[in-house]
Amino acid sequence: MGKIEFHGTTICAVRRNGEVCIGGDGQVTMGETTIMKSSAKKVRKIFKNSVVSGFAGSVADAFSLTEMFEKKLEEHSGNLRRAAVALAQMWRSDRGMRSLEALMIVGNKEELLVISGNGEVIVPDEDFVAIGSGGNFAYAAANALYNHTDMSAEEIVRESLKIASSICVYTNTNVSVEKL
């Protein structure tokens, strides 16, 4: 019997006018045909409500990574970039962690970062970013809305996820959002 794969999740984050907002859909899909859960919460505020995080990938792995990231934030006095680099280095070098399958977006009012398991910390070129199964769709929508409307960060995140859910079978309309 092969490995059971879980798909799903679209995470979108936008920084605009002093706010940062991150949202994600609630779908967890097993294999290619079965929705296991429609209301998973994949975004949260961490580190004294000063950082928002969202993850795509294995839910259990992502919760572990979020907890580790919060510890790194504490070690680095809340410095988002230093904590992200420390987590990425640990994730890449630790044999037990290398098998964790997730991708994270973290942000505060100053910056957004994408952290991957191969040791990368990516600073997006724009004040919006998206990851996950419907990430490309949400990114395209956020790009258009950010550059051609006066919508707030939260409005862009919600509308981008709505658009992604209308295209991506691994993304649903049960959206949760966190804002700073």
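## Basis of the description

Residues are numbered from 1 along each chain as its sequence is written, and side-chain values use heavy atoms, with hydrogens and water left out. Because the model is predicted, local features need pLDDT of at least 70 and side-chain atom pairs count only at pLDDT 80 or more, whereas totals for chains, interfaces and linings use all residues.

## The nonpolar cores

The largest nonpolar core has 19 residues. A nonpolar core is a set of buried Ala, Val, Leu, Ile, Met, Phe, Trp, Tyr and Cys residues joined through side-chain atoms within 4.5 Å; buried means under 20% relative accessible area, exposed over 50%, and partly exposed in between (1.4 Å probe, protein chains only). The members that touch the most others are Val51, Phe69, Leu73, Leu80, Met104, Val106 and Ile115. Two or more residues each come from strand E7 (51–57), helix H1 (59–75), helix H2 (80–93), strand E8 (102–107) and strand E9 (112–116). The largest share, 6 residues, belongs to H2. Helices (H or I, at least four residues) and strands (E, at least two) are DSSP runs, numbered from the N terminus.

Not counting residues up to four places away in sequence, Val51 touches Phe69, Leu73, Leu80 and Leu180, among others. Apart from this core lies another, of 15 residues, including Val14, Ala138, Ala142 and Val157.

## Ser53 in strand E7

Strand E7 also holds Ser53, which is buried at a relative accessible area of 2%. Neighbours within four places in sequence aside, Ser53 is in contact (heavy atoms within 4.5 Å) with residues including Ile22, Lys42, Thr66 and Ile105.

## Salt bridges

The whole structure contains 7 salt bridges, each defined as a side-chain nitrogen of Lys or Arg within 4 Å of a carboxyl oxygen of Asp or Glu. Arg15 and Asp127 form one of them, at 3.1 Å from N to O. This pair links distant parts of the chain, 112 residues apart: Arg15 is in strand E2 (residues 10–16), and Asp127 is in the loop between strand E10 (121–122) and strand E11 (128–132). Arg15 is buried at 16% relative accessibility, while Asp127 is partly exposed at 26%.

Arg81 pairs with Glu111, their closest N and O atoms being 2.6 Å apart. Here helix H2 is linked to the loop between E8 and E9. Within helix H1, Lys72 and Glu75 lie 3 residues apart, about one turn of the helix, and their side chains meet at 3.4 Å, N to O. Lys72 is buried at 13%, but Glu75 is exposed at 53%. Finally, Glu19, Glu154, Arg158 and Lys179 are linked in a network of salt bridges.
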